[in-house]
Amino acid sequence: MSALKRVVVTGLGAITPIGNNANEYWKGLIEGKNGVGEITRFDHTNYKTHFAAEVKGYDPLNYFDRKDIRKYDLFAQFALVAAEEAISSSHITPVNTDFDEVGVIMTAGIGGVTHFYNEMVEHLKGGGIPRFSPYYIPKMILNIPAGVISIRYGFRGPNFATVSACASSSHAIISAFDLIRYGKASVVVTGGAEAGICEAGIGGFNAMHALSLRNDDPSTASRPFDKGRDGFVMGEGGGCIILEELGHALERGADIYAEIVGVGMSGDAYHITAPHPEGYGACLSMKRSIADAGIDKSMIDHINTHGTSTPQGDIAEVIAIQKLFGEDARNININSTKSMTGHLLGGAGAVEAIASIMALKEGIIPPTINHFEDDPQIDNSLDFTFNKARERDIHYAISNAFGFGGHNTSILFKKYTA
């Protein structure tokens, strides 16, 4: 078997509640910008939660013509916007790249839930023959962004979507990484998006008691690792990264942001929505990413946690970190960027991977904002990078993403050196 190929990041794209492109997003992160506010997408009067982290100032006509807007649910629009930026920033062209060797793995956690809800409301009013939109199915299914990106740009490599709830876009990145290191593609456009801030999304997660109810102070509602956390804040948007085989990137003179050196995956085998209380699966996925990279665990400088601001989830992840790293855990800058963006569900892994990549490149770790009181159930001798960004020369960073069903992913990024 031939040696595994090195895989690097050569393009980034993002649209988030704190910035509508990758640079704005990164600037918002290091400034500790808060993306949470009152819901504007629908009348939330009769719902338990009245706030979310919406994308601000988004006009689809700045990106699509009216005909295309009719075809794409908002989650797909976000995916396509992020992909366009990432592809542009990578400078991939038919001149420097064989498009037969460019794959696309773009995904979501729940896909076109807004469109699905609106169609059901329209056709369950009663009376007459139901007349569904011809775009009903394509707007709903979550593999459509991958297909549309392929069609738009002529990318003819492997093309599909991964589905694992809030770990979906991390699984997409892992799949893209494996395609390239095993020589089955030269470049892969990968990531994910979500747009679940609608009646069905908020109502469904309210029914699970998963969302924060801090309606009196929504700007501080996302409080990872804080004693006062009471649930996650729904976010929306998307992220896309371009992964590329190192030799191919060097040959065409691409800018390189970072390198992926290891990935880990696991299943909790415990519960459909709750994490394993001892963080078993989370520990296993991080451990596997480190083993895959062939480095010692003491070399990890930074972990961008899943950190959703839920009572059970945050504790389980901290337990997993302590179990794996022991005393070395005190040397790691831990953070949760969900404190600023809310939880982008299937898009979370992608936008948080971008945060990890930029932290390596720029030597700045974004903060975990909204920390007010230590939780006695969490070891606060660990460094959670609370409330203020930290400058640090980091070389290895893990980005975690976990999903309902017990799906766990860990992606290990390395500061790029030739």
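This is a predicted model: local features need pLDDT of at least 70, side-chain atom pairs count only at pLDDT 80 or more; totals for chains, interfaces and linings use all residues.

I took helices (H or I, at least four residues) and strands (E, at least two) as DSSP runs, numbered from the N terminus. On that basis I find 13 helices and 14 strands in the protein chain. The radius of gyration (over C-alpha atoms) is 20 Å, close to the 22 Å of the globule rule for 418 residues, so the chain is as compact as a globular protein of that length. That rule is 2.2 Å times the number of residues to the power 0.38.

Residues are numbered from 1 along each chain as its sequence is written, and side-chain values use heavy atoms, with hydrogens and water left out.

Next, the sheet. I count two strands as paired if DSSP finds at least two bridges between them. The open, mixed sheet has 10 strands, ordered S5-S4-S6-S7-S1-S8-S14-S13-S9-S10. S5 (159–160) and S10 (333–335) are the edges, each with a single partner strand, so one side of each lacks a neighbour in the sheet.

I then checked S13 (residues 396–403) against S14 (residues 407–414): they run antiparallel, joined by eight bridges. Tyr-396 has Lys-414 as its bridge partner in S14.

Last, burial: which share of the 418 residues is buried? I get 59%, with buried meaning under 20% relative accessible area (1.4 Å probe, protein chains only).

Methods:
Buried means under 20% relative accessible area, exposed over 50%, partly exposed in between (1.4 Å probe, protein chains only).
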